[in-house]
Structure formats: structure tokens, C-alpha cells
Amino acid sequence: MIKPFRRQQLLSTLAIAMANHQQQEKPEEDNLSGSTGHYRLQPTLDYIQNHLDQGITVEFLAGAIGMSTAYFCRFFQKEMGCSPYQFIIQQRVERAKIILLERELPISEVALRSGFSSHSQLNYHFRNLLGITPKEYRSR
């Protein structure tokens with residue numbers, strides 16, 4: 001019997017792979033040179049949004065859409081203007097901003113719900129991107 005978490009991960013991988021298989025028209029080397037738009041990355045972006053509070057690896061994202069990790073990183077950078085890692089951090093900070101304003105949770109809980117491993121990791125990335133701490137943001 002497959003464990004629930006592993007089953008969900010397998011289903012997510014399958015959904016991303018199927019969506020991308022339907023959208024692929026050219027070999028991956030041809031797509032990097034031409035403008036393909038975000039349509040090929042949309043299932044990956046959706047997966048990231050739905051799983052921000054979990055561990056997301058670039059290797060998993062690349063494998064789910066049938067690309068090598070190196071190619072995926074170049075493709076993602078070209079299409080999104082930042083690396084997959086930077087994108088995930090930005091999205092986690094955006095989620096933290098929403099949670100900080102909507103709820104009176106401790107900042108350590110906001111960090112966990114946003115996908116950061118600790119309060120200090122949230123503080124670091126929040127300050128790096130916004131120039132203020134989560135506590136300062138909440139008190140505005």
C-alpha cells in the first residue's frame with residue numbers, strides 16, 4: 001500500500017507530466033531558443049503554488065516535466081526571469097505576507113505555513129526581498 005504523502009506526490013508528478021506531454025510540440029532544445037510563453041511551465045507553477053508549505057526540489061520539478069535539471073533551470077530562468085529557487089522563495093514570502101495580515105499567528109507558525117523551515121529563515125528572506133522583518137510588516 002502506498003503511503004498517503006507518497007501517493008499525493010506521485011499523483012502530482014503524474015498530473016504535471018501529463019499536462020506537459022499534451023503541450024509539447026517541439027523537442028526541448030528547440031523550445032529554449034524560441035519564445036514558448038509560460039504555457040509549458042503553467043503546471044509547474046501551479047504545483048509550486050499548491051505545495052509551497054512542502055519541500056520542493058528543482059530535481060523533482062524538472063523530472064516531472066521530463067527535462068534535465070540543468071535545462072529546466074535555464075528554461076525557467078528564460079521564461080520567468082529568475083531561477084526556480086528564487087521564484088519559490090518569492091512565492092513563499094508572498095504567502096507569508098498574506099498570512100501575516102490575515103491572522104494573528106506567531107511568526108514561527110507563519111514561517112512553517114509559508115514553507116520556511118524556521119522563523120529565522122523567514123526573517124532572512126523577508127528582509128532580503130522587502131527590506132523589513134515580518135514583525136515590522138505586520139505592525140504597519
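## Helix H6

At 1.5 Å a residue, the 19 residues of H6 should span 27 Å, and the distance between its end C-alpha atoms, 27 Å, agrees with this. The expected span is 1.5 Å times one less than the number of residues in the helix. Helices are DSSP runs (H or I, at least four residues), numbered from the N terminus. The model is predicted: local features need pLDDT of at least 70 and side-chain atom pairs count only at pLDDT 80 or more, while totals for chains, interfaces and linings use all residues. Residues are numbered from 1 along each chain as its sequence is written, and side-chain values use heavy atoms, with hydrogens and water left out.

The buried residues of H6 are Pro84, Phe87, Ile88, Ile89, Gln91, Arg92, Val93, Ala96, Lys97, Ile99 and Leu100. Buried here means under 20% relative accessible area, exposed means over 50%, and partly exposed lies in between (1.4 Å probe, protein chains only). The elements covering these H6 residues include H3, H4, H5, H7, H8 and H9.

## Nonpolar cores

A nonpolar core is a set of buried Ala, Val, Leu, Ile, Met, Phe, Trp, Tyr and Cys residues joined through side-chain atoms within 4.5 Å. The largest has 19 residues, of which Ile48, Leu61 and Phe72 touch the most other members. Two or more residues each come from helix H3 (42-50), helix H4 (58-64), helix H5 (69-80) and helix H6 (84-102). A second, separate core has 14 residues, including Ile89, Val93, Ala96 and Ile107. In soluble globular proteins, nonpolar side chains tend to be buried together.

Isoleucine 48 lies in helix H3 and is buried at 0% relative accessibility. Not counting residues up to four places away in sequence, isoleucine 48 touches Ile56, Leu61, Phe87 and Ile88, where contact means heavy atoms within 4.5 Å. Arginine 92 is 44 residues from isoleucine 48 in sequence, and their C-alpha atoms are 9.6 Å apart. With neighbours within four places in sequence left aside, phenylalanine 72 is in contact with Leu41, Thr44, Val58, Leu61, Ala62, Ile65, Met67 and Pro84.

## Helix H8

Helix H8 (residues 119-130) has 12 residues, which at 1.5 Å a residue should span 16 Å; its end C-alpha atoms are 16 Å apart, in agreement. Leu122, His125 and Phe126 are buried in H8. Seen down the helix axis, the buried residues of H8 fall within an arc of 100°, so they line one face. The arc is that of the directions from the helix axis to the C-beta atoms.

These buried residues pack against H6, H7 and helix H9 (134-138). The face of H8 turned away from its buried side carries the exposed residues Ser120, Tyr124 and Asn128. Glycine 131 follows H8 and has a positive phi, near 80°.

## Salt bridges

The count of salt bridges is three, each requiring a side-chain nitrogen of Lys or Arg within 4 Å of a carboxyl oxygen of Asp or Glu. Side chains of opposite charge can pair when their charged atoms come close. Glutamate 94 pairs with lysine 97, with the closest N and O atoms 3.3 Å apart. Glutamate 94 and lysine 97 are three residues apart in helix H6, and so are separated by about one helical turn. Glutamate 94 is partly exposed at 37% relative accessibility, whereas lysine 97 is buried at 17%.

Glutamate 109 and arginine 113 form a salt bridge with an N to O distance of 2.8 Å. Glutamate 109 and arginine 113 are four residues apart in helix H7 (residues 107-114), again about one helical turn. Glutamate 109 is partly exposed, with a relative accessible area of 29%, and arginine 113 is partly exposed at 36%. Glutamate 79 forms a salt bridge with lysine 78, the closest N and O atoms being 3.3 Å apart. Glutamate 79 is buried, with a relative accessible area of 12%, while lysine 78 is partly exposed at 39%.

## Cysteines

The structure has zero disulfides, a disulfide being a pair of cysteine sulfur atoms within 2.5 Å. Cysteine 73 is partly exposed at 28% relative accessibility, whereas cysteine 82 is buried, with a relative accessible area of 7%.
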